[in-house]
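Please read these points with the model open beside you, and check each one against the picture as you go.

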Amino acid sequence: MNNTVFAGAAKIGFTKVGYPLVTLKVTKDQLEIDAPFYGNVVFLPKDIVSIELIPALFRKSIKITHIHKDMPSMLIYWSLEESSESIVRKINEIGLMEQIEHAITDDNRKARQRAFDENRRFKKRGRISKI
């Protein structure tokens, strides 16, 4: 399995983009989000801090914590066709999560730590469950 494409919706910053206008494409070397108003944004493994599940009332969403300069830090994605657990499982199978772990460098370590600390404050409020 080289890549997978999902159609869904997202909350990017304070903007909600409805289903099926957001496309999430995952390969071993990158994660792409194509959304109206933001265009096609490519996240390399060095840009991604974590990919985690957020429980919600009717569905779970995926929170992508990142340090990409062209996207607001709040990035939450969900699909109506596929469960969030299944999407995260496929991301693991493709090998992107392993690439993310290997991409930590001195250059992005401080930015990743800031994003991680912000994410930890979000977790303390009981909103994220790690897979």
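1. S61 is buried, with a relative accessible area of 6%, where buried means under 20%, exposed over 50% and partly exposed in between, for a 1.4 Å probe and protein chains only. This is a predicted model, in which local features need pLDDT of at least 70 and side-chain atom pairs count only at pLDDT 80 or more, while totals for chains, interfaces and linings use all residues. Residues are numbered from 1 along each chain as its sequence is written, and side-chain values use heavy atoms, with hydrogens and water left out.

2. S61 belongs to strand β6, residues 61-66, strands being DSSP runs of E with at least two residues, numbered from the N terminus. Setting aside residues up to four places away in sequence, S61 touches E52, L53, I54, I76, Y77, W78 and S84, contact meaning heavy atoms within 4.5 Å.

3. Strands β5 and β6 are joined in the antiparallel sense over 6 bridges, and I51 has I64 in β6 as its bridge partner.

4. A7, in strand β1 (residues 3-12), is partly exposed at a relative accessible area of 25%. Beyond its neighbours within four places in sequence, A7 is in contact with Y19, P20, V22, Y77, S79 and E81. The C-alpha atoms of A7 and L21 are separated by 7.1 Å, although these residues stand 14 residues apart along the chain.

Terms used:
Helix = DSSP H or I, 4+ residues; strand = E, 2+ residues; numbered from the N terminus. Pairing = 2+ DSSP bridges.
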